[in-house]
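Take a look at the chains and how they meet. The report below goes through the interfaces, a pocket and a few backbone details.

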Amino acid sequence: MESADLKLDGNAAGGELREIFGAEMTVVRATCAACGAVREMAELTVYAHAPGTVFRCASCDAVLVRIVRAESRVWLDPSGVSCLELLADA
Amino acid sequence: MERAAVLGRLTWLLAEVVEILPETPRVKSLVFSVPGWPGHRPGQHVDVRLTAEDGYQAQRSYSVAAPADGERVVLTVERLEDGEVSPFLVDELAVGDRIELRGPIGGYFVWDGADGGPLHLVAGGSGVVPLAAMLRHRAGLEQAGPAALLYSARAEGDLIYREELDRLADEDDALAVAYTLTREQPPDWTGYDRRIDGEMLSEVFGSPDPAATTFVCGPTRFVEVAADGLVGLGYEASRVRTERFGPSGR
Amino acid sequence: MAFVTRGFRGRRDPDDDGGRIPPGQYRTEDFPVLSAGPTPHTPVEEWSFTIVSESGEEAARWSWDDFQALPSETVTVDIHCVTKWSKLDTTWEGVSVDTLLAEVEADAAYITAFSDGGYTTNLPLEDVTDGKAWVAYGYDGEPLDPEHGGPARLLVPHLYFWKSAKWVRGLRLMDDDEPGFWESLGYHLYGDPWREQRYWGD
């Protein structure tokens with residue numbers, strides 16, 4: 001198995017994000033705290049084949065979000081994101 | 001003091017297999033009846049969870065293969081050689097069995113034709129599944145803009161939904177379907193016979209249309225080559241939507 | 001419990017092999033690749049291994065050639081990943097961490113291993129000494145593949161395998177047990193598979 005194929009995108013973490021946030025998060029725009037790139041979460045690079053889920057900037061590879069799931073506990077580190085843009089009803 | 005659970009807004013539903021449709025030697029479509037299914041949009045996926053008697057669990061994501069139809073959810077699964085879940089779904093699952101699934105999931109890789117613009121689809125292997133859901137949905141619309149699908153597979157026998165895709169294209173002047181077989185081609189083959197490149201994309205989709213939405217789906221490397229190719233031709237990156245499948249499904 | 005799926009077993013070897021599989025683990029013959037980021041591809045000409053003192057100063061450094069010249073061992077060990085797979089009788093070639101630490105005054109209580117790509121993991125010093133840990137550059141008789149951590153990775157088989165940092169470039173001596181990449185996000189600071197110390201509070 002080529003390790004290049006382990007690299008997915010935010011679509012793959014859609015269920016996990018939906019479960020945590022209670023909302024469809026793949027369309028939320030996240031700003032990378034390291035390089036400023038703005039992308040919908042679906043477009044972030046995701047490594048899901050790990051002890052946790054890691055979202056990385058598709059431009060600079062910096063870690064944006066990390067999630068660890070243990071039965072009924074979830075740990076979330078969003079510190080790589082400087083800003084989220086969501087749409088709300090006007 | 002007990003902490004109340006704050007999570008779990010996406011519930012696991014029990015889905016019963018009502019029909020199994022062989023598609024290719026390694027691929028089957030599984031038709032489920034899912035009580036409580038809220039409906040879905042083309043391009044969305046579900047998470048499937050399997051639990052062994054000792055509690056061991058495995059979870060994978062699969063795109064929904066057909067547009068919303070009440071409680072009916074269709075998944076098309078390819079048996080991966082080293083897979084843990086797909087061999088079970090393709091070889092063991094029988095009509096009447098039940099599995100857990102949750103969804104629908106996804107808001108980015110979704111198309112329901114509302115904008116009426118041209119639809120461009122690029123599929124690598126089993127990446128054709130969510131794109132077929134879009135085309136099946138489009139076929140049911142009263143009015144739809146033009147659409148084109150470029151579908152890459154290793155050999156003719158690996159093409160999923162081949163007859164249906166050809167029929168949809170025959171019945172609709174505004175739909176074009178092109179295939180490329182990268183490893184082997186039958187003797188009378190008139191389609192493409194190489195990996196996707198800029199020239200092929202240009203021939204299939206024409207010059208970049210700013211009103212077009214493009215969806216690319218398949219293994220990671222396929223998606224990146226195709227998406228880079230499209231952007232290289234002048235497609236607006238923000239209108240090229242990608243979904244990467246991993247080596248073991250997703 | 002969740003709904004049990006008729007007939008599903010998963011890709012697991014039924015043979016437990018007499019007490020060598022820690023609680024909650026399943027034996028596998030595969031060697032799954034887990035990664036939190038892109039695989040680094042540091043050329044050996046640019047590779048070095050350093051030991052950094054508590055104050056942040058470089059206390060020892062080896063180039064790849066220096067490292068290859070050190071006495072090495074071949075060891076066969078069982079490894080246990082927190083994602084529940086265990087692989088028995090894996091064979092590695094590398095340099096004992098004792099050999100490396102012999103070059104420095106190592107009396108700190110803890111170490112943090114650091115890797116290309118930014119990964120870190122923390123361990124008590126006594127868990128990487130006295131023949132318990134290696135910096136391994138060979139697996140199964142071949143040079144260690146980049147997707148499994150090559151050019152070299154830390155190997156600490158008595159703890160969950162996330163402590164065996166891939167693409168390791170050095171050890172920093174620490175006065176405190178500073179949580180690393182996974183330890184800062186829920187994973188147990190120590191990680192003993194035999195006490196099933198997977199997460200905080202276990």
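Predicted model: local features only at pLDDT ≥ 70, side-chain atom pairs only at ≥ 80, totals over all residues.

## Chain A with chain B

Chain A brings 25 residues into contact with 25 residues of chain B. The area buried between chain A and chain B is about 2,100 Å². Carbon and sulfur atoms give 53% of that area.

How many salt bridges are counted between chain A and chain B? The count is four. One salt bridge pairs Glu40(A) with Arg241(B), with the closest N and O atoms 3.7 Å apart. Nine residue pairs are in polar contact between chain A and chain B, with both residues at pLDDT 80 or more.

Which elements of chain A give two or more residues to the side that touches chain B? They are β1 and α1 (14-21) of chain A. The largest share, seven residues, comes from α1(A). By class, this side of chain A has 10 nonpolar, five polar and 10 charged residues.

Lys7(A) forms a salt bridge with Glu224(B), and here the closest N and O atoms are 3.4 Å apart. This pair crosses between chains. Lys7(A) sits in strand β1 (residues 7-9) of chain A, while Glu224(B) sits in helix α5 of chain B.

## Chain B with chain C

Between chain B and chain C, 22 residues of chain B are in contact with 13 residues of chain C. The buried area is about 1,500 Å². Carbon and sulfur atoms give 58% of it.

The count between chain B and chain C is one salt bridge. The side chains of Asp97(B) and Arg6(C) meet in a salt bridge, at 2.6 Å from N to O.

Four elements of chain B give two or more residues to the side that touches chain C: β3 (45-51), β4 (57-63), α1 (86-92) and β6 (98-105). By class, that side of chain B has nine nonpolar, four polar and nine charged residues.

| Residue | Partner | N to O distance |
|---|---|---|
| Lys7(A) | Glu224(B) | 3.4 Å |
| Glu40(A) | Arg241(B) | 3.7 Å |
| Asp97(B) | Arg6(C) | 2.6 Å |

Side chains of opposite charge can pair when their charged atoms come close.

## The second largest pocket

The second largest pocket has a volume of about 600 Å³. Its lining counts 21 residues. Which residues lie nearest the centre of this pocket? They are Arg39(A), Glu43(A), Ala58(A), Thr242(B) and Arg244(B).

Elements from chain A and chain B supply the lining. β3 (38-40) of chain A gives at least two residues. So do α5 (220-233) and β11 (240-245) of chain B, each with at least two. By class, the lining has eight nonpolar, three polar and 10 charged residues.

## Backbone details

The bond from Gly103(B) to Pro104(B) is cis, with omega near 0°. Pro104(B) is found in strand β6 of chain B. Strand β6 of chain B is also among the elements that give two or more residues to the side touching chain C.

The bond from Gly150(C) to Pro151(C) is cis as well, with omega near 20°. Where does Pro151(C) lie? It lies in the loop between β9 (142-143) and β10 (153-155) of chain C.

In chain A, phi of Glu71(A) is near 50°. That is a positive value in a residue other than glycine. Glu71(A) is found in the loop between β6 (63-70) and β7 (73-77) of chain A.

Note on methods: Residues numbered from 1 in each chain as written. Chains lettered and ligands numbered in written order. Heavy atoms only, no water. 1 Å grid on protein atoms, 1.4 Å probe; cavity = no way out; pocket = protein on both sides within 12 Å on 5 of 7 lines; lining within 4 Å. Points joined across faces, edges and corners; volume = space filled by probe spheres on them. Nonpolar A, V, L, I, M, F, W, Y, C, P; charged D, E, K, R; others polar. Contact = heavy atoms within 4.5 Å. Buried area = accessible area lost by both parts, 1.4 Å probe. Polar contact = N/O pair within 3.5 Å; in protein donor to acceptor, adjacent residues only side chain to side chain.
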